[in-house]
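Please keep the structure in view while reading.

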Amino acid sequence: MATGVPAAPSTLTTPALRLDKAGGWKLFLKTVGARAYPRVIGAQREKSWMFFEIFLPLLAVAAYVFVYRAIQAPEEYIGFVIVGGAMTAFWMNILWSMSSQLYWEKETGNLALYIMAPNSMMAILLGMAFGGLFMTSVRALVIFVVGSWLFQVQYQVTSFWQLFVVFMLTMIALYGMGMMAASVFLLLSREAWHISNLAQEPVYLMSGFYFPVKNLGFVTALAASFIPLTVGLDALRQLAFPSGSSLGFLSVQVEIAILIGLSIIFLIGARWLLAYMEKLAIREGRLTESRR
Amino acid sequence: MNFAIRTENLGRVYKIRGGKKTEPKSLTALQDVNLEVQPGELFGLLGPNGAGKTTLIKILTTLLAPTTGRAWVADFDAVKEPDKVRPRINMVSGGESSGYGLLTVRENLWMFSQFYGLSSAVANQRIRDLLEVVGMSDRLNTKSSDLSTGLRQKMNIVRGFLTDPDVLFLDEPTLGLDVGASREVRRFIRSWVDGDATRTILLTTHYMVEADELCDRVAIINRGRVLACDTPTNLKHRLQREAIFRLEVSPLNGKGAQMFENLPGVRNVAHVEQDGSSVLEFILENDDVVGAVVNTMTSGNIHILNLQKREPTLEDVFVDLVGRSMEEVERTQEEEAA
């Protein structure tokens with residue numbers, strides 16, 4: 001600030017009507033929108049994601065496609081792989097971005113400012129989730145469209161309405177899980193990295209990203225169903241491919257019911273854990289303490 | 001609002017976890033702090049690093065629970081009624097790296113304004129006005145990752161004022177700013193408080209000049225305890241009867257200042273090493289005592305390079321209360337930590 005800088009505008013320093021500030025639901029929505037903004041805008045400003053999050057997943061998808069073609073697997077499997085590859089983007093977003101976000105917010109000093117502000121922390125988490133969902137949907141859509149075009153996948157949707165409901169419920173349950181994991185990762189602090197690493201590949205396998213989860217056997221597939229992508233992906237495949245239902249794990253209706261249950265559990269869990277985390281942060285002082 | 005800030009026997013003890021085989025240790029960061037800050041006041045907390053200033057601010061900003069006592073901000077209990085305190089406060093810390101590097105200065109500030117419920121139109125107008133005040137109008141659309149440390153700190157300062165809080169907490173706000181920028185920020189802080197009798201600032205600093213120049217009242221804090229609380233003028237009046245001398249001498253080479261401490265009439269002596277010389281700050285009962293000090297130096301083969309009598313400063317008040325300079329206290333703490 002150089003000397004000779006203009007004096008403060010009178011609106012800033014003289015007595016004036018204090019600012020009108022929104023509260024209640026209006027504040028909640030403003031917070032959600034504001035916290036989603038960095039994610040939405042970030043996707044446009046940091047273009048490197050196109051390589052890492054579209055090209056590289058497409059390579060993984062291509063590898064499975066070539067294997068399935070080589071062993072002359074049913075043609076639906078190619079479509080299964082494309083849908084699984086697209087949904088991978090959401091899991092990566094949950095694991096590496098959503099879950100570890102509060103930890104990073106702590107490190108940069110934002111977490112203390114979020115807690116201190118009059119907004120709800122749930123709105124902050126929802127903002128992160130919506131921002132992440134928007135950004136990842138673009139990536140998933142690109143993988144889906146390019147993959148389907150490259151490998152000439154044929155879809156035969158039995159019910160667009162159900163397909164939409166399943167997708168939305170999967171996203172609600174998945175991002176609810178991410179919101180819940182954000183508090184868990186913060187509480188575990190540095191060990192969060194190990195959990196992310198640990199969870200990545202096993203979930204690819206257990207959720208049947210590249211093959212029908214039914215092949216894992218009933219008990220394993222059922223155990224894997226606590227991850228919303230497992231049942232969500234299975235239901236999407238059943239609704240998008242002619243022989244999908246014969247390769248499905250459970251009926252679509254049951255899977256929708258499971259997704260509704262998971263959505264409720266994870267969202268309530270996220271809210272409870274967030275309140276616990278805030279309480280612990282205030283009691284011990286360490287959760288808002290940046291190491292820098 | 002009766003009091004902007006009030007604390008009653010406030011204390012905080014941290015439990016520091018040891019290793020698997022060691023017991024957790026306790027660290028008393030605050031002890032029996034009793035403060036009353038009036039609305040419209042610019043109140044300073046002056047103390048060395050580790051004195052408990054930030055802990056006190058964290059409690060008042062609802063980020064930390066005290067282990068003893070109570071605290072009220074804008075007449076609301078900071079522990080039991082955080083939802084009522086939070087809309088009325090904001091905080092800026094020196095050296096913080098809040099916000100997102102991918103966002104521009106305007107976008108970062110807008111985002112934080114939304115968490116307080118400001119309309120976008122009002123927020124954007126205030127962002128432009130405040131950035132002009134801190135000389136950053138040309139950085140409105142600069143990504144915050146491209147800002148220097150000083151500019152980033154100015155952005156943080158704008159963030160604090162943006163929501164026009166009733167009580168603003170500034171924790172070492174001029175940390176990382178150059179001299180000119182610090183002066184301008186101080187001027188703005190003063191004019192902001194003076195502009196409305198309902199605005200209050202609690203400012204922590206370990207810069208004596210900042211506290212002296214800016215604050216209506218100052219509390220001197222060390223090792224978690226408030227040692228004195230008054231206007232800077234009244235605090236300095238405590239030393240009005242004493243004589244304060246600053247002597248620059250040839251290097252003491254390990255002789256230390258202890259040789260002067262037992263001289264009759266010497267109230268306190270602080271010692272700082274410089275390049276090629278030592279600086280001793282004496283608080284003496286009266287002017288006559290300086291003769292004994294000079295004699296001791298001469299007999300100890302210490303050459304006097306410069307001798308000055310000066311008016312008391314807050315630094316002298318601190319030395320008088322603590323027995324050592326703030327720099328010495330911080331150095332000792334660093335050595336203990338190492």
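The secondary structure of chain A, in this predicted model, comes to 13 helices and zero strands.

**The chain as a whole**

- Taken along the principal axes, the box filled by the C-alpha atoms of chain A is roughly 75 × 40 × 35 Å.
- Chain A has 292 residues, and 47% of these residues are buried.

**How H3 and H4 are arranged**

- Two packed helices are described by the angle between their axes and by the distance between those axes.
- Helix H3 of chain A, which covers residues 49-70, packs with helix H4 of chain A, residues 76-98, at an angle of about 155°, and their axes are 9 Å apart.
- Because an angle over 145 degrees counts as roughly antiparallel, H3(A) is described as roughly antiparallel to H4(A).
- The crossing in which H3(A) passes H4(A) is right-handed.

**Where H3 and H4 meet**

- On the side of H3(A), the residues that meet H4(A) are Glu53(A), Pro57(A), Ala60(A), Val61(A), Tyr64(A), Val65(A) and Tyr68(A).
- On the side of H4(A), the residues in this contact are Tyr77(A), Ile78(A), Val81(A), Ile82(A), Gly85(A), Thr88(A) and Ala89(A).
- Sorted by class, the contact of H3(A) with H4(A) has 11 nonpolar residues, two polar residues and one charged residue.

Notes. Residues are numbered from 1 along each chain as its sequence is written. Chains are lettered from A and ligands numbered from 1 in the order in which they are written. This is a predicted model: local features need pLDDT of at least 70, side-chain atom pairs count only at pLDDT 80 or more; totals for chains, interfaces and linings use all residues. Axes are lines fitted to C-alpha atoms, for helices over the stretch in contact, and angles run from 0 to 180 degrees between N-to-C directions. Helices (H or I, at least four residues) and strands (E, at least two) are DSSP runs, numbered from the N terminus. Angles under 35 degrees count as roughly parallel, over 145 as roughly antiparallel, 65 to 115 as roughly perpendicular and the rest as oblique. A crossing is left-handed if the near helix is turned anticlockwise from the far one by less than a right angle, and right-handed if clockwise. Two residues are in contact if their C-beta atoms, placed from the backbone, lie within 7 Å. Ala, Val, Leu, Ile, Met, Phe, Trp, Tyr, Cys and Pro count as nonpolar, Asp, Glu, Lys and Arg as charged, and the others, Gly among them, as polar. A residue is buried if 20 or more other C-beta atoms lie within 10 Å of its own, exposed if 12 or fewer, and partly exposed in between; C-beta atoms are placed from the backbone.
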